[in-house]
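Here are my notes for your first look at this one. Have the sequence and the view open side by side as you read.

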Amino acid sequence: MSSLRNAVKRVTHKERSQPQDRAHLGLLEKKKDYKKRAKDFHFKTDLLTKMKQKASMRNPDEFYFGMKNTKMQNGKHKKTLKAQHKERAELIGADAVRIMKDQDLSYIRMQKQKDAKKIERLQANLHFLDDSNKKRKHTVFVDRSEQADEFDVAEHFDTVPALAGRTFNRPRREDLEKQILVGAEATTKERKSQKKTAQRLAKARAGAYGELEARAERISKLARAESHIVTEKLVAGKGRKRKIKAAEDGQPAQYKW
């Protein structure tokens with residue numbers, strides 16, 4: 001009989017859907033959805049009630065020493081960096097902190113030395129000079145003041161006026177004429193190849209100069225970090241000390257022993 005009862009088709013019970021005139025309100029809320037929503041609502045209401053009660057009973061003159069080591073950030077109380085460092089130092093011990101700072105200092109000095117050598121190699125490849133921002137001068141001596149008044153730079157250097165102001169890559173007229181003749185004889189394919197090569201070289205040179213600037217900036221940051229760690233090590237040592245200047249512009253504070 002049990003097998004026959006299972007063979008008979010049973011009525012499929014479907015969940016009631018949202019009526020058509022209320023379809024704009026979304027899916028019909030079931031009891032389990034209501035229970036979750038009601039539970040969340042009552043939890044928030046009770047929490048607000050407790051917070052209001054605490055605020056009404058708060059003593060405006062109360063003070064805890066922990067308040068000196070905290071600050072408000074985005075509406076929340078957080079420990080200051082100094083308090084965090086002190087707590088970490090107490091947790092792992094003074095000797096471990098000293099060893100870690102020695103390791104940090106060694107790593108910073110090693111990275112600074114590597115970047116300095118890399119900058120030297122880049123400068124050698126790019127013929128980069130430290131005083132490239134300075135305006136260079138080329139002094140030409142003449143016999144009379146009339147010659148100085150009538151002096152023509154392009155004629156003196158045997159180049160075209162458009163290139164007279166350059167301090168480098170200033171070809172003579174003869175070389176320019178040769179380049180023009182060679183360019184006229186070159187085919188379209190060769191011109192495209194030369195253009196691509198020039199673009200590739202320009203891109204590589206720009207990338208090298210960008211790397212040079214980034215490494216120089218990194219060296220300055222590493223130098224500041226090194227000075228901070230050295231100052232912290234000296235301050236943590238024995239002896240009476242007095243601060244004579246606070247930290248500013250990324251530089252560590254100055255002390256007098």
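The points below go through a helix, a hairpin, an aromatic pair and some salt bridges.

1. Ground rules. This is a predicted model, where local features need pLDDT of at least 70 and side-chain atom pairs count only at pLDDT 80 or more, while totals for chains, interfaces and linings use all residues. Residues are numbered from 1 along each chain as its sequence is written, and side-chain values use heavy atoms, with hydrogens and water left out.

2. Helix α2. Start with residues 31-56, which make up helix α2. How many of the 26 residues in α2 are buried? The count is one, so to speak a helix that is hardly covered. Buried means under 20% relative accessible area, exposed over 50%, and partly exposed in between, using a 1.4 Å probe and protein chains only.

3. The whole structure has nine salt bridges, each a side-chain nitrogen of Lys or Arg within 4 Å of a carboxyl oxygen of Asp or Glu. One of them joins K44 to D40, with the closest N and O atoms 3.3 Å apart. Both residues sit in helix α2, four residues apart, or about one turn of the helix. K44 is partly exposed at 47%, and D40 is partly exposed at 37%. Another joins E29 to R37 at 2.9 Å; E29 is partly exposed at 41%, and R37 is partly exposed at 49%.

4. The aromatic pair. A search of the whole structure turns up one aromatic pair. F63 and F65 form it edge-to-face, 5.4 Å centre to centre with 75° between the planes. (Rings of Phe, Tyr and Trp, the last by its six-membered ring, pair if their centres lie within 6.5 Å; planes under 30 degrees apart are stacked, over 60 edge-to-face, and the rest tilted.) F65 counts as exposed at 65%, while F63 is partly exposed at 48%.

5. β1 (70-73) and β2 (76-79) pair in the antiparallel sense over four bridges; pairing takes at least two DSSP bridges between the strands. T70 has K79 in β2 as its bridge partner. The hairpin has two residues between its strands.

6. Which parts of the chain does the pair K112 and E226 link? Their side chains meet in a salt bridge of 2.8 Å, N to O, and the pair links distant parts of the chain, with K112 in helix α4 and E226 in helix α8 (residues 188-236), 114 residues apart. K112 is partly exposed at 25%, whereas E226 counts as buried at 14%.

7. I119 and its neighbours. I119 lies in helix α4 (residues 94-126) and is buried at 11%. Leaving aside residues up to four places away in sequence, I119 touches L212, R215, A216 and I219, where contact means heavy atoms within 4.5 Å. I119 and R215 are 96 residues apart in sequence, yet 7.1 Å apart in space, C-alpha to C-alpha. R215 also belongs to a network of salt bridges with D115, E211 and R218.

Notes: Expected span 1.5 Å × (residues − 1).
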